[in-house]
Amino acid sequence: MLRILKYSIATMIMVSFANLLFAAGETIYDIKVTGTQNIESELVLSAISLRVGDALDPEEVAKSIKNLYRLSIFADVEIHSEPYRTGLNLEIIVQEHPIVTEIKFEDFKVIKKDRLDELTSLRIGSYWSPYLKQQILMKLKAEYNSKGFNNAEVQVSEKLLEGNKIALELKAEEGRRVAIRHLTFLGNENFEDKKLLKRMKTKPANLFRSGRFEKDKFDADLVSLTSFYKKNGYIDVKITNWELKTINERTLELIITIEEGTKYTFGTIQAEGSEHFTGETILKSFTLKQGEPFDQESFDKQLGKVYSLYFDEGFIYARIEPEQLRDGDMLNINLKITEGARARIRQIHLTGNTKTKEKVLRRQLEIAPGDYFRQSQVIRSQQNIYNLGFIEPDIKLDYVPINNAGDIDLNIDVLDKSSGVANGGIGYNSQDKFVGQLSITQNNLFGNNWSTGLKWEFGGNTQNVEFDFSNPYFLDEDILVGNSFYYTRKNWSSFYYE
């Protein structure tokens, strides 16, 4: 009796549970691999979590098949089970993607060879799959669009060879460069075309502009148009459609259809659910005036200030839902506030400091275990650590909830940077002959935040040595101790004086 546990890429976890339940718990006596052509069976066995002698676990079957698909080598994976003695034997049947043995590019003139290699990432020995083909075609199409060749087409010819190998030929029909000649807005009853056009980077061609259509840039333009409308009270605005219409083989018309909706003016705002702050304190953050067009951008910024109020008092789980209440063309706002638990800091973990001692960093913290989490203090602590001068600016902050009361562990991850400088130089002149200078400075000696420097200047008639040292936290207290030593000798030959 043969049972098959089969997963497709889309439904690899949705296995035949009847088969799995029937086989679950049975001992695996043997695992063999079939279907391999260009790889060793050992690779398949090393990628799965199923082992001889283990009890068959449906979760491990799903995990093993996922692992095999993640290798991007296989087009299909099946696991067959067959009863054997008091358990079963497993057969893993794989179907490999073909290996690329030849790559040709034909008629690519606009995109140069180096750029083609970068976009396609195709190499002899790569595994070829429908997904990879789709990704390559999408990248090439986007590259042509960015250069103004929106009508360009790329075809991929695939020739299967013996031994599950494949030869590829990518051929381009680039056509001619096209440009946007006209940009038309439909549905914009309240704003003129030229006012909307100012909000866009995609513009019709003229003497100074190419008029190219670049999808990424245009996507940003749509966001900019929507934000402009919402800033002026049209909070329900929608870009319902856009299309590129071919005028001729060289020019396009870009048509954007807008559904403006109602223009709303600001009415009133109130807050409910707040206990830690009074409603008056919360509403002070809002400066919108009644009767003016509702400015969504300004409202969002002012709502962020309310969040900052809560975060600075430890309410990091606070949620504020602005309920929009429409009264004709007037918009009233009701802030529904759920404060949540107030978070205390249990522990502060410092990581990444391979050179700097932990105590040096902890001295810069303005918040301590047991304190309520305060966003402003955490940010100032971050700034203090950076201001030491020997920590990279990318200081990462994160927190992890550790109990049901909402308390957290604060994680601060830093990266040491070079804290020492050495330089020198040498020259020659007729009076002193050879002269030179050497200096070494270090502002984080032994990771203790100690500053030290050594400087030596020399020449035929001059010797100068300087050494300085300072410890800003002597005996781990806020006491600065430092000293400076120097030795200088100079000969004035004309006066016979040293």
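**Sheets, aromatic pairs and overall form of a predicted model**

Three strands make up an open sheet in the order β8-β10-β9, with mixed pairing; here two strands pair if DSSP finds at least two bridges between them, and strands (E, at least two residues) and helices (H or I, at least four) are DSSP runs numbered from the N terminus. At the edges of this sheet stand β8 and β9, each of which pairs on one side only. The model is predicted, so local features need pLDDT of at least 70 and side-chain atom pairs count only at pLDDT 80 or more, while totals for chains, interfaces and linings use all residues. Residues are numbered from 1 along each chain as its sequence is written, and side-chain values use heavy atoms, with hydrogens and water left out.

- Strands β9 and β10 (residues 251-259) run antiparallel and are joined by eight bridges; Leu244 has Leu254 in β10 as its bridge partner.
- Helix α7 packs on the sheet and touches β8, β9 and β10, with its direction at about 145° to that of β9; contact means heavy atoms within 4.5 Å.

**Aromatic pairs and clusters**

- Rings of Phe, Tyr and Trp (its six-membered ring) pair if their centres lie within 6.5 Å, and planes under 30 degrees apart count as stacked, over 60 as edge-to-face and the rest as tilted; by this rule there are 24 aromatic pairs.
- In the pair of Phe191 and Tyr234, the ring centres are 5.8 Å apart and the planes stand at 70°, so the pair is edge-to-face.
- This pair links distant parts of the chain, 43 residues apart, with Phe191 in the loop between β8 (179-186) and α6 (193-197) and Tyr234 in the loop between α7 (215-231) and β9 (238-246).
- Both Phe191 and Tyr234 are buried, a term for under 20% relative accessible area, with exposed over 50% and partly exposed in between (1.4 Å probe, protein chains only).
- Phe218 and Trp242 have ring centres 4.8 Å apart and planes at 65°, so this pair is also edge-to-face; the pair links helix α7, which holds Phe218, with strand β9, which holds Trp242, 24 residues apart.
- Phe218 is buried, at a relative accessible area of 0%, whereas Trp242 is partly exposed at 29%.
- One aromatic cluster is formed by Phe105, Phe108, Tyr144 and Phe149.

**Charges over rings**

- A charge sits over a ring if NZ of Lys or CZ of Arg is within 6 Å of the ring centre and within 35 degrees of the ring normal; the charged end of Arg344 sits over the ring of Tyr372, 4.0 Å from its centre.
- Arg363 lies over the face of Tyr473, at 4.1 Å from the ring centre.

**The five-stranded sheet**

- An open sheet of five strands, with antiparallel pairing, has the order β17-β18-β19-β20-β21.
- Its edge strands are β17 (420-429) and β21 (481-490), each with a single partner strand, so one side of each is left without a neighbour in the sheet.
- Eight bridges join the antiparallel strands β19 (residues 450-458) and β20 (residues 462-471), and Trp456 stands opposite Val465 in β20.

**The whole chain**

- The protein has 11 helices and 21 strands, and 35% of its 498 residues count as buried.

Key:
Axes fitted to C-alpha atoms, helices over the stretch in contact; angles between N-to-C directions.
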